[in-house]
Amino acid sequence: MTISRFSSRISSRLPLVGGVAAGTVLLLAGPAFAHVTVQPGEAEKGGYSTIAFKVPNESDSASTVKLEVNLPTDHPLASVMPQPVPGWDVKVTKSKLDKPLEMHGEKITEAVTKVTWTAKDDGKIEPGTFQQFPLSVGQLPEDADRLVFKALQTYDDNEVARWIEAPKEGGEEPESPAPVLELTEPADGATGHSHGGSENAKSGQEQASDEHGASGGSEADEAAAGDGSDTTARVLGVLGIVIGAAGVAFGVIAGRRRSA
């Protein structure tokens, strides 16, 4: 076999080998993108946040008809409000707390421990699609670095995907990872203010004062800029008059010289 014929045969097989390799990569990577996740993946400690559970349908023949999300009991959330999702019914389950929470000076003895979404006839998450289920949650704990939400995804063929394994820090991702919300330190060092938190919010008078100060500063800057513009215009006007007068004088003298 000549070298040119060998090279031609190798070249003809490269697309097939590349296709098999790409297919293998997609096959291995597919399950990693198919689990239930929290969007966005992080929120500030001590504040409030709107999160959404992103539920992709990983079945080729069945549709998702139910999602159950269990909220962490070691760091209960006093405020949990679901946003209506078209085509789905939602049920919020509350439980009594072993240790009451204090929020805005009030004691809270129960908290939401589970939220269940059930598809109506026109709902369902069909194969090849996904759905998001939003929740407003707070006040997020200040003494935790993450919240783990265990989720159950039920299909219309009665199969249940259990996304309940908490990821281990520094370890590999579990086969059925639970949705995790990472908690970060507030950007300005304060708490209870992010995403609608009102504990450290400014009063209306303070906001009005700030707005007035900002507006006043802006008006002062504009006035200063206006004064500078007027001064420049006046200087240029005087120079124009002087130059014009000099031109006239020069014309008169030149005319007299010609007459002479």
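These are a colleague's notes on the structure above, one topic per point.

1. The chain has a mean pLDDT of 75, with 60% of its residues at 70 or more. Two stretches call for care. Residues 14-32 stay under 50 in pLDDT, and the model gives them 1 contact beyond four places in sequence. Residues 192-220 are also below 50, yet that stretch has 26 contacts beyond near neighbours in sequence. Where pLDDT is low, the predicted coordinates should not be read in detail. I'd treat those 26 contacts with that caution in mind.

2. **The nonpolar core.** Which residues touch the most other members of the largest nonpolar core? They are F53, W117, F149 and L181, out of 33 residues in that core. Several strands supply two or more residues each: β3 (49-56), β4 (64-70), β7 (106-119), β8 (130-138), β10 (150-155), β11 (160-163) and β12 (180-184). The largest share is 4 residues, and it comes from β7. As general background, nonpolar side chains tend to be buried together in soluble globular proteins.

3. **β7 and its partners.** Strand β6 (residues 88-103) runs antiparallel to β7, and 12 bridges join the two. One place to look is D89, whose bridge partner in β7 is T118. β6 and β7 make a hairpin with 2 residues between them, and H104 in the turn has a positive phi of about 55°. β4 is also antiparallel to β7, with 5 bridges joining them. Here you can find E68 bridged to T116 of β7. In general, strands of a sheet pair through backbone hydrogen bonds, either parallel or antiparallel.

4. **T64, a polar residue tucked inside.** T64 sits in strand β4. Is T64 buried or exposed? Its relative accessibility is 1%, so T64 counts as buried; the cut-off is under 20%. The T64 side chain makes a polar contact with the side chain of N57, at 2.8 Å. Setting aside neighbours within four places in sequence, T64 is in contact with V55, N57, W88, K124, I125, Q153, T154 and Y155.

5. **A three-stranded sheet.** Now look at the open sheet of 3 strands, which has the order β2-β12-β9 and mixed pairing. The edge strands, each pairing on one side only, are β2 (42-44) and β9. Direction ignored, neighbouring strands in this sheet are turned by 25° against each other on average. β2 and β12 pair in the parallel sense over 3 bridges. To find this pairing on screen, look for A43, whose bridge partner in β12 is L183.

6. **P141, a buried loop residue.** P141 belongs to the loop between β8 and β9 (146-148). What makes P141 count as buried? The reason is its relative accessibility of 11%, because anything under 20% counts as buried. Not counting residues up to four places away in sequence, P141 touches K45, G46, H75, L77, L147 and L183. L183 is the residue that bridges to A43 in the sheet of point 5. P141 and Y48 are 93 residues apart along the chain, while their C-alpha atoms are separated by 9.8 Å.

7. Most residues other than glycine have a negative phi, and most peptide bonds are trans. Against that background, a few places deserve a check. Q39 and P40 are joined by a cis peptide bond, with omega about -10°; P40 is in the loop between β1 (37-39) and β2. Another cis bond joins G138 and Q139, with omega about -15°. Q139 lies in the loop between β8 and β9, where P141 is also found. For positive phi, look at K124, which is near 65° and is not a glycine. K124 is in the loop between β7 and β8 and is partly exposed, with a relative accessible area of 38%. K124 is also among the contacts of T64. N158, in the loop between β10 and β11, has a positive phi of about 75° although it is not a glycine. At 69% relative accessibility, N158 counts as exposed.

Note on methods. Residues numbered from 1 in each chain as written. Predicted model: local features only at pLDDT ≥ 70, side-chain atom pairs only at ≥ 80, totals over all residues. Heavy atoms only, no water. Core = buried A, V, L, I, M, F, W, Y, C linked by side-chain atoms within 4.5 Å. Buried < 20%, exposed > 50% of the residue type's maximum accessible area, 1.4 Å probe, protein only. Contact = heavy atoms within 4.5 Å. Pairing = 2+ DSSP bridges. Axes fitted to C-alpha atoms, helices over the stretch in contact; angles between N-to-C directions. Polar contact = N/O pair within 3.5 Å; in protein donor to acceptor, adjacent residues only side chain to side chain. pLDDT = per-residue confidence, 0-100.
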